[in-house]
Amino acid sequence: KEDDFQNGFGCAIVSIDSSSSPKVATLDFGTGCTDAQGRTYSGVIQITYTDPDMGHSGNHISAVFNHFNFDSISFDGTFDYYNNGTNNAGNMIGSLAITGQTNFVIDKVNLNGTTNVSFEWVAARNTAYLNIGGTGTDSNGIAFTQSTISSISLNQNSGCKDHFTAGKLLIQSPGLSDETID
């Protein structure tokens with residue numbers, strides 16, 4: 001509720017059941033609300049968590065998106081975050097599993113599928129190294145797979161928004177040329 005990326009969620013009705021274990025937080029945007037920056041949200045996000053701090057070893061946070069809309073983008077599905085502790089180098093490692101359907105209304109693109117991401121957070125570099133795999137289908141019924149060719153670096157410089165600094169993602173569809181996002 002206090003992180004920068006959630007400032008827009010200020011128009012949601014937030015309820016937290018802290019008596020349950022795990023805890024359940026519900027962000028209900030109803031049929032639509034607009035934040036101070038003019039962004040529009042609607043739908044419901046229900047978050048189940050054992051600890052609100054994503055940095056705690058062993059933490060699992062699960063979110064269910066039910067008709068969630070952000071401006072012209074909609075998402076229905078699940079998001080699971082796992083913190084697996086630290087590796088031999090002392091860096092936090094974990095994974096994300098995302099299953100759902102996304103609709104980019106303006107671009108007329110609809111994606112349906114699963115994405116799995118493993119990560120290593122290197123605090124000394126303020127960088128997360130991501131490896132991605134997944135499958136899906138687009139709005140034209142074209143199936144695709146996505147896989148990391150080289151780890152994708154997501155850097156979080158002080159005072160700046162997160163940005164990608166390196167890595168390659170391969171997208172493949174039967175009968176079509178491979179596409180690499182560098």
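Trainee: Where does Asn126 lie?
Mentor: Asn126 lies in the loop between strand E8 (109-122) and strand E9 (127-137). Bear in mind that this model is predicted.

Trainee: What is phi of Asn126 near?
Mentor: Phi of Asn126 is near 55°. That is a positive value in a residue other than glycine.

Trainee: Is Asn126 buried, exposed or partly exposed?
Mentor: Asn126 is partly exposed. Its relative accessible area is 30%.

Trainee: Which strand holds His67?
Mentor: His67 is in strand E5, which covers residues 60-70. His67 has a positive phi too, about 55°, although it is not a glycine.

Trainee: Is His67 buried or exposed?
Mentor: His67 is exposed. Its relative accessible area is 54%, and the cut-off for exposed is over 50%.

Trainee: Let's zoom out. How many helices and strands does the protein chain have?
Mentor: The count is 0 helices and 12 strands. Read from the N terminus, the elements go β-β-β-β-β-β-β-β-β-β-β-β.

Trainee: What does the C-alpha trace span?
Mentor: About 50 × 45 × 35 Å along the principal axes of the protein chain.

Trainee: What share of the residues count as buried?
Mentor: Of the 182 residues, 29% count as buried. The protein chain exposes about 11,000 Å². Carbon and sulfur atoms supply 52% of that area.

Trainee: And contacts? What share comes from residues 24 or more positions apart?
Mentor: They account for 32% of the contacts with a separation of 6 or more.

Trainee: New topic: charges. How many positive and negative side chains are there?
Mentor: The protein chain has 7 positive and 18 negative side chains. The centres of the two sets lie 4 Å apart.

Trainee: How many salt bridges does the structure hold?
Mentor: The structure holds 1 salt bridge. Arg39 forms it with Asp35. The closest N and O atoms are 2.8 Å apart.

Trainee: Is Asp35 buried or exposed?
Mentor: Asp35 is buried, with a relative accessible area of 10%. Arg39 counts as partly exposed, at 27% relative accessibility.

Trainee: Now Asn91. Where is its place?
Mentor: Asn91 sits in the loop between strand E6 (73-86) and strand E7 (92-104). Asn91 is buried, with a relative accessible area of 14%.

Trainee: What is Asn91 in contact with, leaving aside its neighbours within four places in sequence?
Mentor: Asn91 is in contact with Gly85, Thr86, Glu120, Trp121 and Val122.

Trainee: How far apart are Asn91 and Gln101 in space?
Mentor: They are 32 Å apart, C-alpha to C-alpha. In sequence, Asn91 and Gln101 are 10 residues apart.

Trainee: One more. Is the peptide bond from Ser21 to Pro22 cis or trans?
Mentor: That bond is cis, with omega near 5°.

Trainee: Where does Pro22 lie?
Mentor: Pro22 lies in the loop between strand E1 (13-17) and strand E2 (23-28).

Notes:
Residues numbered from 1 in each chain as written. Predicted model: local features only at pLDDT ≥ 70, side-chain atom pairs only at ≥ 80, totals over all residues. Heavy atoms only, no water. Helix = DSSP H or I, 4+ residues; strand = E, 2+ residues; numbered from the N terminus. Buried < 20%, exposed > 50% of the residue type's maximum accessible area, 1.4 Å probe, protein only. Contact = heavy atoms within 4.5 Å. Areas by Shrake-Rupley, 256 points an atom, 1.4 Å probe, with all protein chains shown as cover. Lys, Arg positive; Asp, Glu negative; His and termini not counted. Charge placed at Lys NZ, Arg CZ, Asp CG, Glu CD. Salt bridge = Lys/Arg side-chain N within 4 Å of Asp/Glu carboxyl O.
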